[in-house]
Amino acid sequence: VGAPNTAIGAGGSGTTSWEMIFDVLNPSGVTIKSVDMYPTTTAGSAFTVIVENASGTQVASYSGVTTVPSGSMETVPINLTIPFGTGYNMYMIPNP
């Protein structure tokens, strides 16, 4: 979900967080294999991807460090298993 590249705008950065709300309708759950991100910090910056359920309980997370220069796309293999349910919230801290 999201733009395939940064050509849709000039870009920017800040401390405002982002989140993605989604549902898992497969009774067996799903695996989120990877996320693409465009870090706004230098390579080597730590981050954590967090998924919470509709009640705000963390159900999965992945921690890593950026490996590309600021503004470059990075595909991060997170391999998070998410069970059947609605109202999941995925976000990243801090926002690299």
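These legends walk through close-up views of a predicted model.

**View 1**
The protein chain holds 0 helices and 8 strands. Read from the N terminus, its elements run β-β-β-β-β-β-β-β. The chain has 96 residues, and buried residues make up 31% of them. Take the contacts between residues at least 6 apart in sequence: 73% of these join residues at least 24 apart.

Strands of a sheet pair through backbone hydrogen bonds.

**View 1. Strand 1 runs along strand 8.**
Strand 8 covers residues 85-93 and pairs with strand 1 in the antiparallel sense. The pairing has 4 bridges. Ile21 stands opposite Asn89 in strand 8. Val24 stands opposite Gly85 in strand 8.

**View 2. Strand 4 pairs with strand 8.**
Strand 4 (residues 46-52) pairs with strand 8 over 5 bridges. The sense is again antiparallel. Val51 stands opposite Met90 in strand 8. Met90 is also one of the residues that Val51 touches.

**View 3. Phe22 and Tyr88 form a stacked pair.**
The model has 2 aromatic pairs. In this one, the ring centres of Phe22 and Tyr88 lie 5.6 Å apart. The planes meet at 25 degrees, so the pair is stacked; the cut-off for stacking is under 30 degrees. Phe22 sits in strand 1 and Tyr88 in strand 8.

**View 4. Phe47 and Tyr62 form a tilted pair.**
Here the distance is 6.4 Å centre to centre, with 40 degrees between the planes. That makes the pair of Phe47 and Tyr62 tilted. Phe47 lies in strand 4 and Tyr62 in strand 5, so the pair ties together parts 15 residues apart in sequence. Phe47 is buried, with a relative accessible area of 3%. Tyr62 counts as partly exposed, at 25% relative accessibility. The reason lies in the cut-off: buried means under 20%.

How many residues does the largest nonpolar core have? It has 16. Phe22, Val51 and Ile82 have the most contacts inside it. Five strands each supply at least two residues of this core: strand 1, strand 3 (35-37), strand 4, strand 7 (80-82) and strand 8. Val51 touches both Phe22 and Ile82. Other residues that Val51 touches include Leu80, Tyr88 and Val59.

**View 5. Tyr91 makes a polar contact with Glu52.**
Tyr91 has its place in strand 8. Tyr91 counts as buried, at 17% relative accessibility. Its side chain and that of Glu52 are joined by a polar contact of 2.8 Å. Not counting residues up to four places away in sequence, Tyr91 touches Trp18, Glu19, Thr48, Val49, Ile50 and Glu52. How far apart are Tyr91 and Ser61? In sequence they are 30 residues apart; in space they are 9.7 Å apart, C-alpha to C-alpha.

**View 6. Ser45 sits in a loop.**
The loop between strand 3 and strand 4 holds Ser45. Ser45 counts as buried, at 17% relative accessibility. What does the side chain of Ser45 reach at 2.8 Å? The backbone oxygen of Thr42. Leaving aside residues up to four places away in sequence, Ser45 touches Gly64, Val65 and Thr66.

Technical notes
Residues numbered from 1 in each chain as written. Predicted model: local features only at pLDDT ≥ 70, side-chain atom pairs only at ≥ 80, totals over all residues. Heavy atoms only, no water. Pairing = 2+ DSSP bridges. Phe/Tyr/Trp six-rings, centres within 6.5 Å; stacked < 30°, edge-to-face > 60°. Buried < 20%, exposed > 50% of the residue type's maximum accessible area, 1.4 Å probe, protein only. Contact = heavy atoms within 4.5 Å. Polar contact = N/O pair within 3.5 Å; in protein donor to acceptor, adjacent residues only side chain to side chain. Core = buried A, V, L, I, M, F, W, Y, C linked by side-chain atoms within 4.5 Å.
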